[in-house]
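Work through the exercises below with the coordinates open, and try each task before reading its solution.

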Amino acid sequence: MSTDQPMLEIKKLSKSFPGVRALHEVDLTAYPGEIHALLGENGAGKSTLLKTLFAVQRPDSGEVWFDGRRREFTRPSDALGAGLAMVHQELSLVPQLTAVQNIVLGREKSRAGFVDWKEARQRAARSLARLGFDARTDVPVHRLSVAQQQLVEIARALAVGARLIILDEPTASLTTQESERLFDLLRRLRAEGRAIIYVSHRLAEVMDLSDRVTVLRDGELVGTRTRREIADESDLVKLMVGRNLAAIGVPGDPDAIGEEILRVEGLSSAEGVTDCSLSVRRGEVVGLAGMVGAGRTELVRALIGADRATSGAVWIRGERIHLASPADAVRAGIAFLPEDRKHQGLVLHMSAASNATLIRPPRRRGLLDRREQREQTRALLARLNADISPDHPAGKLSGGTQQKVVLARWLKTSSDIFIFDEPTRGIDVGAKGEIHSLMRELAAEGKAIVMISSDLPEVLGMSDRVLVMRRGRVVAELDRAALSEEAIVHHAAAS
């Protein structure tokens, strides 16, 4: 880490909302040539701190200094112009534009009054090449995977030449190999003298990357430690939550696994799924692993009728069944928690209660019974340790609480099969442990669990069996005895 003067100094920053103190006199510094991790559970104040830094929200008090000068940014473009850039966890790309158009958006160069697209493509290509981006850049970004869109976000930050870059959960949708490429890039940027503020719930990344760590809890600064002052991940956990947490849950008792409840044979779809077969039994957690783009999400989308299957057959409880739509899947007893909970799992402007009871809202004499809706929601969220008002807008909840609201919806149904797509993406360690525990509880109740995850420790810790996918096909099935990171990566990355 550089011993120069701080590039960024945040001094005594405070911010309150009606009935909530989000930040109280928080300090943070970032030096040239360092990676500074910012940690805290969901709701600890990390997002509020960054939003006030980038003028998305105005602080109640406190100061921001950058390059030795006090700054009062009035809009995000002021921060960008000063040399700060932020890569958000919730993607801020324009879905209808291409990767190139998104990267140069607002900074297009013109020639004779027209946008110089040749120069734009070259500029975008340089940034994307540093990330090992190998997808098409001439299609709308909504056609790219979440991980590919994340890389476009990072490339956009690099293209502006920012000297301080904030990354909010950048590896949440990346595979191990893609994450390693990103880490190599961040180390190069550090060596160039840039300052990196790194927000992540993946503590192994923090231990590997960071020079210093700042921890927030309940809107207050717990402390800042150098990497050498942190013995292991448990030290970070205690700083974040004030208590020790159990490790990722171990698989259940093999003898408690029951009969087959879901069987898929020869499933294919126009979205790249080819001749896939799988089975899941009661009480079993089956992990779906593979590189981003391997077809894991596409497989389950074809299974539940969200994408049209071109061939194949599905059996549920021994009965062959045709699922033409997600509504058919719900009626058949399948619960699906999508990877993109904000856009596919929730109606953000609606309340937690409306979202939690969306499939089966309580009615009285044909009308929505709002009192019963709130009571049901309180009971469901209590099971998930989510202490929020049923009337709270879903869009204003933390990521972990949003995931619990989606879970609550499915707990209200009689589903026997639960499909979790990246269930703990962008969720803090406390909420992650609670979701893992719930998944194990569901399995113990005789539910069948299918879990897609790019987090290999999560796959290894939660799965009774793992199916590895590559290029739209299931290429390996690994039982518990054969599970290891090396085995999964070998099958996922083989040529």
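The exercises that follow concern a predicted model, and each task is paired with a stepwise solution.

**Exercise 1.** Determine how helix 14 and helix 15 are oriented relative to each other, and which residues make their contact.

*Solution.* Begin with the axes: those of helix 14 (residues 399-411) and helix 15 (residues 429-444) come within 10 Å and cross at roughly 15 degrees. Angles under 35 degrees count as roughly parallel, and the two helices are therefore roughly parallel to each other. Next take the handedness, which for the crossing of helix 14 and helix 15 is left-handed. The contact itself is made on one side by Gly 400, Gln 403, Lys 404, Leu 407 and Leu 411 of helix 14, and on the other by Ala 431, Glu 434, Ile 435, Leu 438 and Leu 442 of helix 15.

**Exercise 2.** Find which residues have the most contacts inside the largest nonpolar core, and list what Ile 449 touches.

*Solution.* The largest nonpolar core has 41 residues, and those with the most contacts inside it are Phe 420, Ile 449 and Ile 488. Leaving aside residues up to four places away in sequence, Ile 449 touches Val 280, Glu 284, Val 285, Val 286, Phe 418, Phe 420, Met 439, Leu 442 and Ala 443. Another core, of 36 residues, lies apart from the largest one and includes Ala 85, Ala 120, Leu 151 and Ile 165.

**Exercise 3.** Decide whether Leu 323 is buried or exposed, and locate its surroundings.

*Solution.* Beyond residues up to four places away in sequence, Leu 323 touches Leu 303, Ile 304, Gly 305, Ile 316, Asp 328, Ala 329, Ala 332 and Ile 334. Turning to helix 9 (residues 296-304), its buried residues include Leu 303 and Ile 304, while Gly 305, which follows helix 9, has a positive phi near 85 degrees.

Methods:
Residues are numbered from 1 along each chain as its sequence is written. This is a predicted model: local features need pLDDT of at least 70, side-chain atom pairs count only at pLDDT 80 or more; totals for chains, interfaces and linings use all residues. Side-chain values use heavy atoms; hydrogens and water are left out. Axes are lines fitted to C-alpha atoms, for helices over the stretch in contact, and angles run from 0 to 180 degrees between N-to-C directions. Helices (H or I, at least four residues) and strands (E, at least two) are DSSP runs, numbered from the N terminus. Angles under 35 degrees count as roughly parallel, over 145 as roughly antiparallel, 65 to 115 as roughly perpendicular and the rest as oblique. A crossing is left-handed if the near helix is turned anticlockwise from the far one by less than a right angle, and right-handed if clockwise. Contact means heavy atoms within 4.5 Å. A nonpolar core is a set of buried Ala, Val, Leu, Ile, Met, Phe, Trp, Tyr and Cys residues joined through side-chain atoms within 4.5 Å. Buried means under 20% relative accessible area, exposed over 50%, partly exposed in between (1.4 Å probe, protein chains only).
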